[in-house]
Amino acid sequence: MALFSKKSNEKNLQINIPEHIGIIMDGNGRWAQKRMLPRSAGHKAGAQTFRKITRYCSNIGVKYLTVYAFSTENWKRPNEEVSALMNLFKSYLEEALADFKDDSIVVKFIGDKSPFSEDLRKLMLENEESSKNRDGMVLNIAMNYGSRDEIVRAVKRISSKVKSGELNSDEITEETVSSYLYTSGQPDPDLIIRPSGEYRISNFMLWQCAYSEFVIMNKLWPDFSTDDLDEALEIFSKRNRRFGGV
Ligand code: IPE
Ligand code: IPE
Ligand code: MG
């Protein structure tokens, strides 16, 4: 972990920059409802926050950022909200992600792309392809992501390797399982931030979060600022991570 001494409010607190941060971008709907606006206005505002926080993480030296944008369960929402979200994703992939070029950000989508429209899938692949040789922060955008689904997929792929004889079941390790997840090759998240005050994981990185530090913040995602991120980093820096040791 890198050391970051810039913005701590507390004297002598050394800020550790996590190698991998996960963010459950929650609270867009409540933000809009508080303003008597449609929920889609909250998603639009949340997309601006995403842009700002991603750039900030890249600037302070985070190596991997995973943002939860749409879960496998979010299809349950009213059609109107789902289609507003799909339109927003589309315009984002067309414009905003091009911005990340200046920061050398590598864009990856984690989750099952197959239910998305052809246009959207094409844009996702184009973004992955055009950014893959950059050398900056890796940004995982979790879309139609559910960690239980991710684990089921891994189990299916591992069992077919065992069936075909390519893999011996006695040789399956924790590393084997990790290598079949969407985050294959990446370190587990050190810190997971959930704005909006909800104390739950909502199917996000269940395997990968075994030893992640959780920071729940009371801000709704559209109101989340770089100062809030700094505060989460301060909280993280004071934690004593033992990984089961003493
Ligand atoms: C998060 O905000 C965005 C998505 C899940 C797509 P919500 O839409 O869940 O906002 P709240 O939790 O209802 O306020
Ligand atoms: C989690 O938020 C999913 C995303 C932020 C994309 P939800 O709003 O869907 O989670 P619950 O329903 O509060 O658990
Ligand atoms: Mg929510």
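Let's start with what lines the largest pocket: by class, 17 nonpolar, 8 polar and 8 charged residues. Here Ala, Val, Leu, Ile, Met, Phe, Trp, Tyr, Cys and Pro count as nonpolar, Asp, Glu, Lys and Arg as charged, and the others, Gly among them, as polar. Please keep in mind that this is a predicted model, where local features need pLDDT of at least 70 and side-chain atom pairs pLDDT 80 or more, while totals for chains, interfaces and linings use all residues. Residues are numbered from 1 along each chain as its sequence is written, and side-chain values use heavy atoms, with hydrogens and water left out.

Back to that pocket. About 680 Å³ of space lies in it, a volume being the space filled by probe spheres set on grid points joined across faces, edges and corners. By pocket I mean, on a 1 Å grid over the protein atoms alone, an open set of points where a 1.4 Å probe fits, with protein on both sides within 12 Å along at least five of seven lines; lining residues have an atom within 4 Å of a point. Of the 33 lining residues, Met25, Asn28, Tyr68, Ala69 and Phe70 are the closest to the centre. Helix α3 gives the largest share of the lining, 6 residues. Helices (H or I, at least four residues) and strands (E, at least two) are DSSP runs, numbered from the N terminus.

Strand β6 is also among the elements giving two or more residues to that lining, so to speak of β6 next: 8 of its 8 residues are buried, meaning under 20% relative accessible area with a 1.4 Å probe, protein chains only; over 50% is exposed, and in between is partly exposed. β6 pairs with β4 in the parallel sense over 7 bridges, where pairing takes at least two DSSP bridges. Thr66 stands opposite Asn140 there. On β5, which runs parallel to β6 and is joined to it by 5 bridges, Phe109 has Ile141 as its bridge partner.

Now, salt bridges: a side-chain nitrogen of Lys or Arg within 4 Å of a carboxyl oxygen of Asp or Glu. How many does the structure hold? There are 18. One joins Glu128 and Lys113, at 3.3 Å. Glu128 lies in helix α4 and Lys113 in the loop between β5 and α4, so the pair ties together parts 15 residues apart in sequence. Both Glu128 and Lys113 are buried.

Finally, Glu213 meets Arg239 at 3.0 Å and Arg241 at 3.8 Å. Glu213 is buried at 15% relative accessibility, whereas Arg239 is partly exposed at 32%.

Notes. Chains are lettered from A and ligands numbered from 1 in the order in which they are written.
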